[in-house]
Amino acid sequence: KIIYAAKTVALSKTSYIYNGKVQKPTVTVKDSKGNKIAASNYTVKIATGQKNVGNYTVTVTLKGNYTGTLKNSYTIVPKGTTISKVTAASKGFTVAWKKQATQTTGYEIQYSTSSNFASPKSVKVTSTATVSKQISKLTGNKKYYVRVRTYKTVSGKAYYSSWSAAKTVTTKK
């Protein structure tokens, strides 16, 4: 019988949203022909703490007729936020959002004159206690699209939530 070498580790999901619970994907190991290898031929080890925001490595150690180790990884990103209000100001606007302090370092605000956010400008808010930001020095009487997301920095790497729904605002003269 020919035994093909173990080639890939597939994870059921590669990204999760923080929910306070342990989150780990199901693991599927395939050989070089794309056939599934039985779970009895390997052991799975995942880095500890799979409930906090960060990146986690899945290590598969092969046994039986197979040898070696294979690795793959998945991330847990912070929970997002939503914009509660955007208020127009003279050559600017103020954006307010819902507080999201759990597993979050801060917020990122992005705004653009284009609905698809082509060439956007970004502003970071480094405190989870801050829930509004004034943006100024913009063009007066112009329509802007605004969106917000949360982020968490873990070991120098930032993990971002998905963007909130975009809101529009027209600046005053």
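Predicted model: local features only at pLDDT ≥ 70, side-chain atom pairs only at ≥ 80, totals over all residues.
Leaving out residues up to four places away in sequence, Val60 touches Val9, Val27, Val29, Tyr42, Thr43, Val44, Gly68, Thr69 and Leu70.

Val60 also belongs to the largest nonpolar core, which has 20 residues; Val29, Val60, Leu62 and Tyr74 are those with the most contacts inside it. Two or more residues of this core come from each of β1 (6-11), β3 (27-31), β4 (42-46), β5 (54-62) and β6. Strand β5 gives the most, with four residues. Apart from this core lies another, of 16 residues, among them Ile83, Val95, Tyr107 and Val148. As a general background, nonpolar side chains tend to be buried together in soluble globular proteins.

Leucine 70, one of the residues that Val60 touches, has its place in strand β6. With a relative accessible area of 15%, Leu70 falls under the 20% cut-off and is therefore buried. Neighbours within four places in sequence aside, Leu70 is in contact with Ala6, Lys7, Thr8 and Val9, with Val29, and with Val58, Thr59, Val60 and Leu62. Threonine 168 is another matter: its C-alpha atom and that of Leu70 are separated by 47 Å, and the two residues are 98 residues apart along the chain.

Now to the rings. The structure holds seven aromatic pairs. In one of them, the ring centres of Tyr16 and Tyr74 are 5.6 Å apart and the planes stand at 75°, so the pair is edge-to-face. This pair links distant parts of the chain, with Tyr16 in strand β2 (residues 15-17) and Tyr74 in strand β6 (residues 69-77), 58 residues apart. Tyr16, Tyr56 and Tyr74 form one aromatic cluster.

Further along, Tyr111 and Tyr144 have ring centres 6.3 Å apart and planes at 65°, so this pair is edge-to-face. Tyr111 lies in strand β9 (residues 106-112) and Tyr144 in strand β12 (residues 143-154), so the pair ties together parts that are 33 residues apart in sequence.

The charged end of Lys124 sits over the ring of Tyr151, 4.6 Å from its centre. Likewise, the charged end of Arg149 sits over the ring of Tyr160, 3.9 Å from its centre.

Stepping back to the whole chain, there are zero helices and 14 strands. The radius of gyration is 22 Å, well over the 16 Å that the globule rule gives for 173 residues, so the chain is more spread out than a compact globule. Along the principal axes, the C-alpha atoms fill a box of roughly 80 × 30 × 25 Å.

Buried residues make up 40% of the 173 residues. Of the contacts between residues at least 6 apart in sequence, 56% join residues at least 24 apart. The accessible surface comes to about 9,900 Å², and carbon and sulfur atoms account for 46% of that area.

Note on methods
Residues numbered from 1 in each chain as written. Heavy atoms only, no water. Phe/Tyr/Trp six-rings, centres within 6.5 Å; stacked < 30°, edge-to-face > 60°. Lys NZ or Arg CZ within 6 Å of the ring centre and 35° of its normal. Core = buried A, V, L, I, M, F, W, Y, C linked by side-chain atoms within 4.5 Å. Buried < 20%, exposed > 50% of the residue type's maximum accessible area, 1.4 Å probe, protein only. Contact = heavy atoms within 4.5 Å. Rg over C-alpha atoms; globule rule 2.2 N^0.38 Å. Areas by Shrake-Rupley, 256 points an atom, 1.4 Å probe, with all protein chains shown as cover.
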